[in-house]
Structure formats: structure tokens, C-alpha cells
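Here's a quick tour to read alongside the picture. Take a look at the chains first, then work through the points below.

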There are 2 protein chains.
Amino acid sequence: MKVTERTKVKRLPARGAYDRETIYPILDEAFICHVGFVVDGQPYVIPTAFARIGDDLYIHGSSASRMLRSISKGIDICVTVTLVDGLVLARSAFHHSINYRSVVVLGKATLVEDADEKEKALEAFTEHLIPGRWPEIRWPNELELKATSVLKLPIEEASAKVRTGDPKDDDEDYVMNVWAGVIPLTTAAGTPVPDSLLNDGITIPEHVTNYRHK
Amino acid sequence: MKVTERTKVKRLPARGAYDRETIYPILDEAFICHVGFVVDGQPYVIPTAFARIGDDLYIHGSSASRMLRSISKGIDICVTVTLVDGLVLARSAFHHSINYRSVVVLGKATLVEDADEKEKALEAFTEHLIPGRWPEIRWPNELELKATSVLKLPIEEASAKVRTGDPKDDDEDYVMNVWAGVIPLTTAAGTPVPDSLLNDGITIPEHVTNYRHK
């Protein structure tokens, strides 16, 4: 990954990473990204689902949405993905922190016009949410394909920032009688709730019962 | 809350809300926000901790950070907070969705210069992460206060967007032999991990053992 002045991690540079081996697992674990774009000088940050295929990040939405219409003009955007892994409890207020893994991707998105690529992206959105789902559901029809815009952002200018492990306190604070450590945080999947309109006799499939967030 | 053209939820307007009773609990439940700002025409979206006091949202960071230096000039920013509540599994690919609660706040942030207000904000950051922690830790000293910038964004132009409940499929798809429903997702706190440098004999305090994510 090329490191540019725009993606270089300047604060706490030891937390920065620029290799696809660090960046891709973070992207693949998250459900949503936050897309930043500018309209009339005002930045907007909108959460949305996404998927990665190879070295490209895809987002999608209604063809009528302001975000999709703005972005598909080829303006500069920023896509950020963040996973929160733990609360870092230090002895001093100053060193309290959060363990996290985040990725920032800068670039211009382009509208996916090719029908095959668009369908592959739609499959990737579903499989990104829940692997094994795509073969069991009704696939998009012509009207739905028209109503959906898919945008592609090449992952070329990107960086990751990662904090892990113990708090780092000032030397003189380690004598304090204060508990310090990390409370780990994870995304937990609960018991699946059937649609209130689910027909009788439909058993819950393995891709749902076996679902575990990565 | 005033509803402006910039914050009005245009896609699926039924999901939009503009009252503080909806917006504040979403802000208070999240650990991080995503801050959008523009430098040389390029939007950046950076995850960071935050806290709310009354009708103001506070963020903080190193006085040396690019984000804090840029934002403290009084430029337009967008702060977005998103909670993911569940995977919505429909019968058709098109109607797959995510249950979520998000808030967008637009405005200009100002640097907090008043010492009392700054300390109250720093207390709020810690208590927002983990209630009950502030009285037990070492509070910021002069040097730390100088090294930290605190910015305040009035919550005046803001909107929430919320999706809850079952999938909404097309009428003709309800006959399909496909399981549909919601997999609930929550943030789960694991067993606290003591700092590897923790002194012997320090017991784990109640605000840590009792910690539960809201």
C-alpha cells in the first residue's frame, strides 16, 4: 500500500500500518463503514453496509439517495471502518484509552455499470453480513437492480491504526493503589428472532444457527 | 431540534427523528463517534472518543493532532454515532438490512478554553467510558491539561435514524420456504484483564466488576 501524506499516521505512528494483511481483516470483520463526503463545503458522515472483493471496497444504496448520487459523481471520499476491542483503564485519567482497530480508505468511487460485477457485489454484501445466506434467498430482479446503485472504491490509499494491550501509565503512577487493566469488548450475536410473519414449518438453517460474529 | 435541509432524513423518512429524547440515548450508549472534516477539499473521517454534557457534545485529543488543529479553526464538521443492533435477514437479497440507531450532528466546534469546563469534559469522557471510575484515578495535571485539546460542538442541528424490527419483504415473497428474522447483536463486556504490571494486593473495584455495556 502506498503511504501518502494524507494517510500516514502522524499521531502515535507506531500504531499505523499500511499492509493489506493488516487492513483487510479489519474491513472483513466490520458490518458497517462510515462514508465521508462533501456537499457545498459541508462534510457528511453516513454509516452504511459494505463489502470487499479483492482490492476493491463496494458500497451500495438506493439510486435515489443523496449520498449515492453525490459520490457517484467521482468526488473525493473517505471510508472509515472501526472495531472497538476494549476499554483501557489506566491509573491516570490521561492514559485512559480504547483498544481499537480502524482503517481509513481515501479515493474516488465509481459507479459499477457492468451487470455481472454489480451482481457479484450484491452477493458479497449479503455474504459479508452472514456467510451461507446467498444460495438460500431470492436474488435481485431487474427492477431491484435498477433501484440499487453500487459504487466501487479501489483500496489504494489506505491506512490502519491499531491499539492493543495494557494501559501505559507514567512511571510514577505505577505505585498507586488503583486497579488498571482492560475490559474486553466483543460483538455478541443473540438468539435469532423469527419474523412474526414466518410461515409454519420453516426450520432455522445452519447458516443462522451457526452464526458467530468473527 | 430544528430540522434543516441538511439533517432531514430523505431516504425512508419514517426512520428519521429530531427530538433530544431519541438522539441523546444513542449518543450516551456509544463509545466512539466518527468525526468528518475537510482539509484541502478532502474529507477525513476519524473515530474518536466523546462525551455529552447537556446539549453539547465534546471531543478531545492531543493538541498536536491534525484533526484537533483543523477542527479547532471553527470549520464545518459532522459527527456521526452508530449502534448496530441486529442483522435483518429477509427472504429476498434486496430486503436484507441492518437494525441500527445512528445520529448525525452538524456544526462548528469551538476550543474549550475555560479550565473548569475543560476539567468537567475530561471527567465526562472517563465517566462515559465507565461510570464510577473518575473518583478513583489520578486526575489530569497542568502538563496533561496543556497537552489535551477539548472541543465543544453544540447539538443544535442533528438528526437520528433508526431501523428496528422484522424484515419487510415483498408480498409475493412471504410464500417462500426461507427462514427470515433478526439476529440481535450487542456489545458484550468480557472478563476484565489485569494490567501485567498491576501491583499485588490491588482488588478489582466494583465499577469494574459491575461493568455492563448499556
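Chain A is built from 5 helices and 11 strands. Keep in mind that this is a predicted model. Along its principal axes, the C-alpha atoms of chain A fill a box of roughly 65 × 50 × 30 Å.

**Chain A overall**

- Chain A has 214 residues, and 38% of them count as buried.
- Take the contacts in chain A with a separation of 6 or more: 73% of them come from residues 24 or more positions apart.

**The nonpolar core**

- In soluble globular proteins, nonpolar side chains tend to be buried together.
- Here, the largest nonpolar core has 108 residues.
- The residues with the most contacts inside that core are A:Val105, A:Leu151, B:Val105 and B:Leu151.
- Leaving out residues up to four places away in sequence, A:Val105 touches A:Leu57, A:Val79, A:Leu153, A:Ile155 and A:Ala158.

**Where the chains meet**

- 81 residues of chain B are in contact with 81 residues of chain A.
- On the chain B side, the elements giving two or more residues include strand 2 (32-39), strand 6 (97-108) and helix 3 (115-129) of chain B.
- Strand 10 of chain B provides the largest share of that side, with 9 residues.
- By type, the chain B side splits into 49 nonpolar, 19 polar and 13 charged residues.
- Strand 10 (residues 181-189) of chain A and strand 10 of chain B pair up in the antiparallel sense, over 5 bridges.
- For instance, A:Leu185 has B:Ala189 as its bridge partner in strand 10 of chain B.

**Helix 3 of chain A**

- Helix 3 (residues 115-129) of chain A has 15 residues, so at 1.5 Å a residue it should span 21 Å; its end C-alpha atoms are 22 Å apart, which agrees.
- Its buried residues are A:Lys118, A:Ala121, A:Leu122, A:Thr126, A:His128 and A:Leu129.
- Looking down the axis of helix 3 of chain A, you'd find these buried residues within an arc of 165°, so they line one face of the helix.
- What do the buried residues of helix 3 of chain A pack against? Their partners are strand 3 (42-53), strand 4 (56-62), helix 4 (142-147) and strand 8 (148-154) of chain A, together with strand 5 of chain B.

**A loop residue in chain B**

- B:Thr164 sits in the loop between strand 9 (157-163) and strand 10 of chain B.
- Is B:Thr164 buried or exposed? B:Thr164 counts as exposed because it has 12 C-beta neighbours inside 10 Å, and the cut-off for exposed is 12 or fewer.
- B:Thr164 and B:Val88 are 76 residues apart along the chain, with 9.0 Å separating their C-alpha atoms.

How values were computed: Residues are numbered from 1 along each chain as its sequence is written. Chains are lettered from A and ligands numbered from 1 in the order in which they are written. This is a predicted model: local features need pLDDT of at least 70, side-chain atom pairs count only at pLDDT 80 or more; totals for chains, interfaces and linings use all residues. A nonpolar core is a set of buried Ala, Val, Leu, Ile, Met, Phe, Trp, Tyr and Cys residues joined through C-beta atoms within 7 Å. A residue is buried if 20 or more other C-beta atoms lie within 10 Å of its own, exposed if 12 or fewer, and partly exposed in between; C-beta atoms are placed from the backbone. Two residues are in contact if their C-beta atoms, placed from the backbone, lie within 7 Å. Helices (H or I, at least four residues) and strands (E, at least two) are DSSP runs, numbered from the N terminus. Ala, Val, Leu, Ile, Met, Phe, Trp, Tyr, Cys and Pro count as nonpolar, Asp, Glu, Lys and Arg as charged, and the others, Gly among them, as polar. Two strands pair if DSSP finds at least two bridges between them. The expected span of a helix is 1.5 Å times one less than its number of residues. The arc is that of the directions from the helix axis to the C-beta atoms.
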